[in-house]
Amino acid sequence: MSVGLPHLYRGKVRDVYDAGDGNLLIVASDRLSAFDVVMDEPVRDKGRVLTAISCFWFEHLSDIAPNHLVSVEVADFPDGARDADLAGRSMLVRRAEMLPVECIVRGYLTGSAWREYRRSGTMHGAELPPGLLESQRLPEPVFTPSTKAADGLHDENIGFDQAVALIGVDLAERARALSLALYTAGAAWAAQSGILIADTKFELGLVDGELVVADEMLTPDSSRFWPADEWEPGSTPPSFDKQPVRDHLDALDWDKSPPPPKLPSHVIASTRARYIEGYERI
């Protein structure tokens, strides 16, 4: 796979290139990270699955929010980026001025929110009723932003007032309303296919002053997808993502720092199957 464009950024999964004319080329690789460490073994077709899911949501929810997508057709890419291997895993997008906050929406009490609740009875600093269980559905979806951490660091959960301090009250309120509307509509669609979207993270940015959805959208990498028939408050259901990898690594004597341990082939195969099933259901 060859990209003859200026390389701007390499993330855990995606590579970003300058496509000229105010556009970027985002290429989703098959790299997989767990506990903020990139594994040595790729998961075949993962990048294509993530791209296909994002593109579906960009179109399906375009009446709620505009997005940065220009094209996924290789023929529309600039010279230097028309390699056939880029097909299905690449997006030509408008360059956006990204908000310095992660726009997280939670519909269920899980992950870092559950850990905070057990510790202090709060979620992102806001009090919740006593006696809630792990994975319990919240009375209504809640916007719970976080900071965007520098490389090698973890995002930090913040309250809405802190988000206002970072981006201003108007933009914070618009981001909250947009994120809640997108989550609500996406969760309703997924539920028809037996998937609960427990929580998700949106990346929002400004293009010519317009607030748009960017990067990825409602994917297994940015969300928790749970099988509805295996959900029960008090425990965490299996998810349609890299759960087999996390489970395998948790069982090892590994300090969660590079270099990563080798992944067995059956763990990689199981992970690939989960990503594909989540995509096919959606």
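Start by selecting Met 39, Leu 99, Leu 182, Phe 202, Leu 204 and Met 217: of the 59 residues in the largest nonpolar core, these touch the most other members. A nonpolar core is a set of buried Ala, Val, Leu, Ile, Met, Phe, Trp, Tyr and Cys residues joined through side-chain atoms within 4.5 Å, and buried means under 20% relative accessible area, with exposed over 50% and partly exposed in between (1.4 Å probe, protein chains only). Helix α4 gives the largest share of this core, eight residues. Apart from it lies another core, of 11 residues, including Val 3, Leu 5, Tyr 17 and Ala 81.

A quick word on what's on your screen: this is a predicted model, where local features need pLDDT of at least 70, side-chain atom pairs count only at pLDDT 80 or more, and totals for chains, interfaces and linings use all residues. Residues are numbered from 1 along each chain as its sequence is written, and side-chain values use heavy atoms, leaving out hydrogens and water.

**Next stop: helix α4**

Select residues 169-191, which make up α4. (Helices are DSSP runs of H or I, at least four residues; strands are runs of E, at least two; both are numbered from the N terminus.) Its end C-alpha atoms are 33 Å apart, which agrees with the 33 Å that 23 residues should span at 1.5 Å a residue; the expected span is 1.5 Å times one less than the number of residues. Now colour the buried residues of α4, among them Leu 171, Leu 178, Leu 182 and Tyr 183. What do they pack against? Show α1 (46-60), β9 (101-108), β12 (137-143), α3 (160-167), β14 (195-207) and β15 (210-214) to see their partners.

**Over to helix α2**

Pick residues 111-120 and find Gly 111, Ala 113, Trp 114, Glu 116 and Tyr 117, which are buried. Their cover includes β9, β10 (122-123) and β16 (223-227). Just after α2, click Gly 121, which takes a positive phi of about 75°.

**Last stop: Lys 262**

Look in the loop between α5 (243-250) and α6 (265-281) for Lys 262. Is Lys 262 buried or exposed? Lys 262 counts as exposed because its relative accessibility is 68%. Leaving aside neighbours within four places in sequence, Lys 262 is in contact (heavy atoms within 4.5 Å) with Glu 41 and His 248.
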